[in-house]
Amino acid sequence: MNRREKENIIVSFWGVLLVLGASLLFAAVLIFLLSSEPLPAVKYFFTGPFLSRYFFGNMLDAAVPLIFTGLGISLAFKASLFNLGGEGQIYMGALVTTVVCLALPEFNGLAGGLTALAAGSLAAGLLAALSGYLKVKWNVDSMISSFLLSSAVVYGVNFFITGYFKDPSSSLLSTPFIDSRYFLPHLMNPSTLSTSIFFALGGAVIIYFLLYRTRWGYEMTMCGLNPEFARYGGVNVSSYVTMPFFLSGLMHGLGGGFAVLGTYHMSIKGFTSGMGWGGIAVALIAKNNPLGVIPAALFFAYLNAGSKAAMLHTDVTFEVAAVVEAFVFFFITSEVIFSFIRRKRRSLL
Amino acid sequence: MKLVHDAVTIMTPFLLAALGGLFTELAGTLNIALEGFMLIGAFFSIVFVSVTGSMLTGILLGVLITVIFAFIFGAVSLYLKTNIFITGLAANLMASGLTVVLSARFFGSKGVVTFSGLTPLKGLHSGYSFFVYTSWLLVVVSWFIIYHTAFGLRIRGTGIHPDAVSSLGLRPSQYKLAAILISGAACGLAGAMLTLNVSAFVPGITAGRGWIALVVIYLGDRTPWGILAASFIFGLSISFSNYAQGVLNLPADIILSFPYILTVAAMTVYQIYRIKRKGGGLQHR
């Protein structure tokens, strides 16, 4: 690593920290304005996730799908592609995983679980790849098409969960439970944290390796940085549009699949909602570095867990987390903030 | 005829949002925040109408709040030099979060909030609301501004060749910001129509209309008249699918997904057509 790269990393680090710090401050101000009992609300928001084993485990568990979606978004970003279809892709992956588990009760746990995950991630991958295909074939804007296709799919999945596959004996709008043989072992009872977190961490390492240590990852990054140059260098640029989209969808599908096998054990209407957008925020904070995705996902899981704790104990609504998340989105890509830090740093040295 | 009548009502929010988005589009910005602007307009218009007791004042205040929101979006993206797509997403997420948080705080509900006692603004005997006529007026106004004023020329110049605009001693970023404010005002109006038509605020009431409006801009070949035609075709197909729902007894979720599928299909067909005709197609990246 040369000096310049080192400086970039340090500047990114402080810049991200500045934005995240500002977002926490914003959260506190927001709660003060909205709550009639602001002091306990702020206290629960910030310390809630650490108050009990249950909250802490749930927070770690909530980071799992965000790691997967964050990785999926980072992959696409590396190829300069915006995958805005994460919401539909993770939901579809979750539903297909559930349905395959329900259809294959005679399998043993491992083989059946893997089949279900493969089917779920494949379905989500193909959904995302469609946007890439339309882009390559007819130059249809992939950002808009991925969003629109995903929105259509969200309604489609709603239809299956609340209609065709609905558990008639349940009052929830959900499918029946999958067989307990497919459940991933829990790690921190009574929380929902399961071994899915190891798959998420492993996924981050694999994607890191893929992007930084393989020819494929190098070529894809080149296509993202400068497609003309990559083409001149003999790279088949169009293959690095559909493929990154496919892999991005695949990661979202895995996120949905692990949410089913590890946490929910069924598909509930709207249960992955927000995880797709969260993945984009995570990728932005991580500056698309797959290993950076892990702490970034933990930060968002913390925000969500904090607002859940505040909601349980006080009059704050859960959506405060979404507003704080949006705040991070607003400023995280600001070049001005990052060049300001660069200048400050240089003047100090 | 009912089909056409419904189509005109359905198309109006698309038309208004797309007309606003046309300005940002011509100024060289793909404004994905239209959706969020509409949602802000939808929420604040009905709240202010209910608080002030006056339709016109309420709508104007709602539009004003939307313009302020658009200003924040524009100022952050232009002056803090953020990625405008990400900041656009931020605006959308902020709008959907903020409206729910405020609705929970002030109306004690995160779901549907109904407002009773509002007198709807109806047209004479046509049954179209005030918004429909306003949208038609705005088509003409937009056409005039874009093609017959110096301001319109500079907006277009900013999109085609920002350096040429700077060379005249003007600031392209100011014209971009102006375009964003215009899109905010138009989307505020579009949002106001959504809530005032049903006398209620529903979280996420915009249901992707801002995104579809973006595609309507393309399909309308980036002209006000084209957008009018494209919105009408959209309104007609949605009103037809609503009618089909009644006849075929389709599930609601399938009907809700229809506008999105239609939009992707229309966008694809349009690109194929453009490639056949001009050997290229519109693209942002």
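Predicted model: local features only at pLDDT ≥ 70, side-chain atom pairs only at ≥ 80, totals over all residues.
**Exercise 1.** How many disulfides does a search of the whole structure find over all chains?

*Solution.* Residues are numbered from 1 along each chain as its sequence is written, chains are lettered from A and ligands numbered from 1 in the order in which they are written, and side-chain values use heavy atoms, with hydrogens and water left out. Next, apply the criterion, a pair of cysteine sulfur atoms within 2.5 Å; the search over all chains then returns zero disulfides.

**Exercise 2.** Where does A:Asn288 lie, and is this residue buried or exposed?

*Solution.* Then note the backbone: although A:Asn288 is not a glycine, its phi is positive, at about 65°. Finally, with a relative accessible area of 18%, A:Asn288 is buried, a term that means under 20%, whereas exposed means over 50% and partly exposed in between (1.4 Å probe, protein chains only).

**Exercise 3.** Which loop of chain B holds B:Arg222?

*Solution.* B:Arg222 belongs to the loop between helix 9 (209–219) and helix 10 (224–248) of chain B. B:Arg222, which is not a glycine, has a positive phi of about 55°, and with a relative accessible area of 27% B:Arg222 is partly exposed.

Terms used
Helix = DSSP H or I, 4+ residues; strand = E, 2+ residues; numbered from the N terminus.
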